[in-house]
Amino acid sequence: MKKILVLATSLFCFAAPAYSQDTDSLRTELKEARQNRYPIRPAQIGFVPPLSTNGLDNALFSNRFSLNLLGGYAAALDGIEFSGLFSLEKDYAKGAQFSGILNGVRNEVDGAQFAGIVNAVGGPLYGAQFGGIVNVVGKSVKGAQFAGIANLSGSQLTGAQVGGIANVTKGAVKGAQIAGIANLAESVEGLQIAGIANVAKRVKGTQIGLINVAENVDGAQIGLLNLSKNGYHRFEIWAGDALHANIGFKMGGNRKFYNIFALGAAWPKNDNVRWNSLRWGYGYGIGTNQFIGKRNQISIEALTYQIQEEGNHWEDLNLLNQARVSFILPIHNRIAVTVTPTFNVQVTKFETREGTGTEWVKWDVYDKTFSRRWSDEEVRVRMWPGLNVGIQF
């Protein structure tokens with residue numbers, strides 16, 4: 001029993017040294033090394049070690065078929081094993097393990113593990129793990145991990161990790177990480193999808209999440225906040241029609257897809273300058289940028305402002321939506337002039353003395369107020385073309 005406890009504990013200490021061997025060649029080497037390592041028994045039936053048909057010699061044999069009421073312990077597995085609580089192998093497992101709580105293997109697994117709570121492997125995994133709570137692999141994974149809470153890989157992953165909360169790979173990921181909350185990897189060649197955050201040093205592919213973090217991105221970061229140390233960063237000041245003065249910051253993994261954070265304000269209509277007399281707005285948007293020629297660029301963007309004016313409440317619907325095509329003309333180093341035709345859509349329920357909404361510009365191509373059938377609320381929609389001119393850094 002002491003040996004079993006030591007093995008089960010050591011399986012969770014999976015911080016492994018760097019693993020750089022090619023996974024296919026290593027798999028072949030491990031397969032050859034397993035040949036005739038242990039005597040193989042066709043079947044083993046037990047209650048809990050050492051109460052089994054292998055008795056006190058259970059650590060000396062590998063089993064083709066193993067059936068355990070509570071738990072099993074053997075030198076290795078070369079077949080299939082079923083246990084009510086736990087299945088433990090001193091060395092390797094080639095085949096499949098099914099346990100109510102824990103499957104544990106000190107070295108490699110070539111096959112599959114199914115556990116109600118934990119699957120743990122000290123060496124590499126070639127195959128799949130299905131864990132109700134967590135899957136742990138000390139070295140590389142070639143295959144897939146599926147867990148209700150978390151998947152952990154101590155080295156590179158070739159395949160997929162799907163976790164209800166988190167996936168963590170200490171090395172490179174070639175494939176996909178999909179998690180309800182967060183994914184973490186050294187590098188990614190493929191896809192990361194998370195409900196909240198994706199983190200990697202290098203990404204060649206796509207990150208999709210609320211927050212995406214990487215040092216270098218060859219692909220796209222798609223999210224509310226995309227952070228990349230060596231990515232696309234631009235600061236811009238521009239003048240417009242509805243909001244006369246604007247500042248914005250554009251940031252993303254690269255120019256293919258970036259976020260826009262903006263703040264703008266309009267000049268007061270009269271000399272009575274008070275906070276609640278100003279029209280101002282804060283905005284968020286997305287965009288993409290491409291070169292046209294050697295230096296000039298074009299950006300296609302969508303931006304939405306929530307407008308505050310004349311003391312309206314923060315929660316009042318009062319939006320300025322813009323579709324923008326920005327022509328970027330460099331003048332010196334990273335300084336450029338921007339000329340941006342816009343198409344503007346005002347959507348508002350803000351009630352004034354004159355009716356619904358205020359007129360932010362004196363021209364439009366569409367202006368209509370809609371009434372809800374079952375309430376007194378009205379929504380006004382105005383559309384007009386516009387033009388922004390600015391400087392980008």
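**View 1. Strands β24 and β25 form a hairpin with two residues between them.** Welcome to a predicted model, where local features need pLDDT of at least 70, side-chain atom pairs count only at pLDDT 80 or more, and totals for chains, interfaces and linings use all residues. Residues are numbered from 1 along each chain as its sequence is written, and side-chain values use heavy atoms, with hydrogens and water left out. Strands are DSSP runs (E, at least two residues) numbered from the N terminus, and two of them pair if DSSP finds at least two bridges between them. Here, β24 (residues 245–254) runs antiparallel to β25, joined by eight bridges. To find one of these contacts, look for I247, whose bridge partner in β25 is L263.

**View 2. Strand β25 (residues 257–266) is mostly covered.** How many of its 10 residues are buried? Seven are, where buried means under 20% relative accessible area, exposed means over 50%, and partly exposed is in between (1.4 Å probe, protein chains only). β25 also pairs with strand β26 (residues 279–291), in the antiparallel sense and over nine bridges. In this pairing, G264 stands opposite G281 of β26.

**View 3. F82 and F98 form a stacked aromatic pair.** The structure holds 10 aromatic pairs. Rings of Phe, Tyr and Trp (its six-membered ring) pair if their centres lie within 6.5 Å; planes under 30 degrees apart count as stacked, over 60 as edge-to-face and the rest as tilted. For F82 and F98, the distance is 5.0 Å centre to centre, with 15° between the planes. This pair links distant parts of the chain, as F82 lies in strand β6 (residues 76–83) and F98 in strand β8 (residues 93–99), 16 residues apart. F82 is partly exposed, at a relative accessible area of 31%, and F98 is partly exposed too, at 27%.

**View 4. F130 and F146 form a stacked aromatic pair.** Their centres are 5.1 Å apart, with 10° between the planes. Again distant parts of the chain are linked: F130 belongs to strand β12 (residues 125–131) and F146 to strand β14 (residues 141–147), 16 residues apart. Ring pairs link F65, F82, F98, F114, F130 and F146 into a cluster.

**View 5. The charged end of R41 sits over the ring of F61.** A charge sits over a ring if NZ of Lys or CZ of Arg is within 6 Å of the ring centre and within 35 degrees of the ring normal. For R41, the distance from the centre of the F61 ring is 3.6 Å. Elsewhere, R324 lies over the face of W238, 4.9 Å from the ring centre.

Notes. Helix = DSSP H or I, 4+ residues; strand = E, 2+ residues; numbered from the N terminus.
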